[in-house]
Amino acid sequence: MDLSMWTGRQDVDSAGDTRRLHQVVLPFDAASPGCPTLIGFASDEGVRRNHGRVGAAEGPDAIRRMLANLPAHSIWRLYDAGNITCTDGALEQAQLRLAERVKQVLSQQAFPMVLGGGHEVAYGTFLGIAGHLGEAIRTGQLLIINFDAHFDLREADQGSSGTPFKQIAEWCHQAGIKFNYLCYGISQLGNTPALFARAEELGVHFKLDSEIALGNMVEIERELVEHLATVSNVYLTIDLDVLPAEKAPGVSAPAACGMQLEKVERLIQVIRDSGKLIAADIAECNPTYDRDGLTAKVAARLVHTILQTS
């Protein structure tokens with residue numbers, strides 16, 4: 001693992017805790033104890049297949065560079081497991097390699113924080129969680145929470161950034177377990193009536209971006225807590241296109257409306273503080289189309305929020 005990008009300011013002339021993340025990060029290996037662990041998924045093959053704007057393969061390192069200089073606060077140790085790459089179009093094999101890495105990190109009682117990459121990352125992360133849980137996935141129902149403008153339930157001949165949750169639904173059906181999927185920030189105009197019908201057929205719970213913009217956050221948080229109370233484990237996945245384009249211009253499909261960053265952060269805090277979060281990923285950071293590194297900065301902020309312990 002190359003840690004050369006983990007550089008930043010060192011406040012040696014200041015009193016108190018001046019640690020920044022570049023000062024607490026170490027390479028992940030088989031002996032690493034249970035701490036937050038970054039895994040990069042340097043792929044936008046799924047975006048290409050979904051006819052989106054490619055460039056998200058550079059997202060993991062862009063997010064790392066923005067994370068490096070952030071103050072550590074309660075993140076006392078951070079590991080970096082490097083990148084899973086997909087340079088040959090073999091997305092399915094890359095997703096399986098990601099699944100193995102996620103499973104390994106979980107087996108070492110560590111928390112996998114996956115940096116994408118296109119939202120095809122979600123299928124690989126899920127497979128890793130499922131592999132780790134084994135039969136326990138049947139008894140302790142896993143809740144998937146997705147912050148996204150899109151359901152990503154598309155029908156297609158091959159997997160893409162638009163199909164991961166359809167693939168997960170099919171996996172759950174074959175395994176005989178419930179597909180438990182909750183979405184925040186869905187765009188009415190970003191999904192066809194067929195996709196809304198598929199979501200209803202699959203029993204997907206969701207909130208539109210417009211509902212969240214005009215809704216009562218106390219009530220929205222209460223409903224989230226009720227969902228969390230029904231499960232043992234939560235997998236959190238964030239597509240940065242859930243945010244307004246002025247907050248996240250560097251994504252594969254910028255949002256005309258989107259969900260306010262403050263509300264995304266608040267709901268993430270509720271999920272994190274439940275103590276049930278088993279893994280998370282963040283998708284669609286596309287440096288090719290970013291402006292002043294803004295999208296990568298927002299992604300790093302959300303990652304930091306997830307990893308905070310107090």
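A residue is called buried when its relative accessible area is under 20% and exposed when that area is over 50%. By that cut-off, helix H3 of this predicted model buries Leu91, Ala94, Gln95, Leu98, Ala99, Val102, Val105 and Leu106.

**Helix H3**

- Helix H3 covers residues 91-107, and its 17 residues should span 24 Å at 1.5 Å a residue; the end C-alpha atoms are 24 Å apart, in agreement with that expectation.
- The buried residues of H3 lie within an arc of 145° when the helix is viewed down its axis, so they line one face of H3.
- Leu96 and Glu100 are exposed, on the face of H3 turned away from its buried side.
- The cover over the buried residues of H3 includes helices H1 (45-49) and H4 (121-133). It also includes strands E2 (36-42), E3 (78-85), E4 (111-116) and E9 (277-283).
- Just after H3 comes Gln109, with a positive phi of about 55°.

**Packing of H4 on H6**

- The description of two packed helices rests on the angle between their axes and the distance between the axes.
- For H4 and helix H6 (residues 164-175), the angle is about 30° and the axes are 8 Å apart.
- Angles under 35 degrees count as roughly parallel, so H4 is roughly parallel to H6.
- The crossing of H4 past H6 is right-handed.
- On the H4 side, the contact is made by Ala122, Tyr123, Phe126, Leu127 and Ala130. On the H6 side, Pro164, Phe165, Gln167, Ile168, Trp171 and Cys172 meet them.

**Helix H7**

- Leu195, Phe196, Arg198 and Ala199 are the buried residues of helix H7, which runs over residues 193-201.
- These buried residues fall within an arc of 160° as seen down the axis of H7, so they line one face of the helix.
- Pro193, Glu200 and Glu201 are exposed, and the face of H7 that carries them is turned away from its buried side.
- H6, strand E6 (181-186) and strand E7 (205-208) are what the buried residues of H7 pack against.
- Gly203 follows H7 and has a positive phi, near 75°.

**Backbone geometry in the loops**

- Most residues other than glycine have a negative phi, and most peptide bonds are trans.
- Gly116 and Gly117 are joined by a cis peptide bond, with omega about 15°. Gly117 belongs to the loop between E4 and H4.
- His51, a residue other than glycine, has a positive phi near 65°. His51 sits in the loop between H1 and helix H2 (59-68), and it counts as exposed because its relative accessibility is 74%.
- Glu284 is also a residue other than glycine with a positive phi, near 75°. Glu284 is found in the loop between E9 and helix H11 (294-307). With a relative accessible area of 4%, Glu284 is buried.

- Ala229 is located in the loop between helix H9 (217-228) and strand E8 (233-239).
- A relative accessibility of 58% means that Ala229 counts as exposed.
- Between Ala229 and Met5 the separation is 224 residues in sequence and 40 Å in space, taken from C-alpha to C-alpha.

Terms used
Residues numbered from 1 in each chain as written. Predicted model: local features only at pLDDT ≥ 70, side-chain atom pairs only at ≥ 80, totals over all residues. Heavy atoms only, no water. Helix = DSSP H or I, 4+ residues; strand = E, 2+ residues; numbered from the N terminus. Expected span 1.5 Å × (residues − 1). Buried < 20%, exposed > 50% of the residue type's maximum accessible area, 1.4 Å probe, protein only. Arc of directions from axis to C-beta. Contact = heavy atoms within 4.5 Å. Axes fitted to C-alpha atoms, helices over the stretch in contact; angles between N-to-C directions. Parallel < 35°, antiparallel > 145°, perpendicular 65-115°, else oblique. Left-handed = near helix turned anticlockwise from the far one by under 90°.
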